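Have the sequence and the 3D view at hand as you read.

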Amino acid sequence: MSDGEQNPAAIPTAMPDTQGDGRWMSLHNHFMTSSKDKEPEVVFIGDSNVQLLHQFEIWRELFSPLHALNFGGVGDGTQHVLWRLENGELKHIKPKIIVLWVGTYNQGHSAEQIAGGIEAIVASLGKSQVQAKVIVLALLPRGKNPNPLRERNMRVNELLAKTLPSKPNAILLNVDPGFVHSDGTISHHDMYDYLHLTRHGYARVCQTLHRTLLQLMDGRVKTTEQ
């Protein structure tokens, strides 16, 4: 992006209430109030991929024992997560580790803009959650067949791999176990709609993440690119 040009993916923006039921704002307020009496060691924040993880047994098996909270939104882009953070969503808690997974739902934004939005979130967390290490999960491929959004996500990951190593509080973690087959397709057994993960897909993703969380909590991983 040119100097002085504003990045829409890095401007804190509330999710428009297009359906008129106020769900997104209600969820944001719920996260703030429900965390007042919590002392989590790990907080997950991001989009629907984070939210849906909470509904599967693997969350209870791997992450609940780590005293984890799930602050996954519904279709959030980077700008929406930024708004949530800047409007106090984590103000009552001080986790050791924050897992950030967002970017694939950004609509109309380029890879450069999305990467910039993720970097803005990392910078915000670096100021408000100085004690926390941030695990940025790389974006997964999407769509049954090769498509521009899959290419965009890959480019976001490439950009983050260059910039995040300079961030002292963050690491980039690739949790894609190889969802794209040799013929370029993704199986519905891994992503039931070729975007959201199935139980089997989460099982494949979460092993790497869980192992990294344990290593970070034990001090065996430094905050540099994985």
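What follows covers a helix packing first, and then the pocket and cavities.

This is a predicted model, in which local features need pLDDT of at least 70, side-chain atom pairs count only at pLDDT 80 or more, and totals for chains, interfaces and linings use all residues. Residues are numbered from 1 along each chain as its sequence is written, and side-chain values use heavy atoms, with hydrogens and water left out.

**The helix pair**

Helix α5 spans residues 111-128 and helix α6 residues 148-163; they pack at an angle of about 45°, with their axes 8 Å apart. Helices here are DSSP runs of H or I with at least four residues, numbered from the N terminus. Axes are lines fitted to C-alpha atoms over the stretch in contact, and angles run from 0 to 180 degrees between N-to-C directions. The two helices α5 and α6 are therefore oblique to each other, a class left over once angles under 35 degrees (roughly parallel), over 145 (roughly antiparallel) and 65 to 115 (roughly perpendicular) are set aside.

On the α5 side, Ala111, Glu112, Ile114, Ala115, Ile118 and Glu119 meet Arg152, Arg155, Val156, Leu159, Leu160 and Thr163 of α6, where contact means heavy atoms within 4.5 Å. This contact has 7 nonpolar, 1 polar and 4 charged residues.

On a 1 Å grid over the protein atoms alone, a cavity is a set of points where a 1.4 Å probe fits but cannot get out; a pocket is an open set with protein on both sides within 12 Å along at least five of seven lines, and lining residues have an atom within 4 Å of a point. A volume is the space filled by probe spheres set on the points.

| Space | Volume | Lining by class |
|---|---|---|
| Largest pocket | about 430 Å³ | 6 nonpolar, 10 polar, 3 charged |
| Largest cavity | about 60 Å³ | 5 nonpolar, 3 polar, 2 charged |
| Second largest cavity | about 30 Å³ | 3 nonpolar, 2 polar, 2 charged |

Of the 19 residues lining the largest pocket, Met15, Pro16, Trp24, Val74 and Gly75 lie nearest its centre. Helix α1 gives the largest share of that lining, 3 residues.

The structure holds 2 cavities of 30 Å³ or more. Residues lining the largest cavity include Asp47, Trp101, Arg142 and Leu195. Around the second largest cavity sit Trp24, Leu27, His28, Phe31, Gly73, Arg84 and Glu89, and α1 again supplies the largest share, 4 residues.

Key: Nonpolar A, V, L, I, M, F, W, Y, C, P; charged D, E, K, R; others polar.
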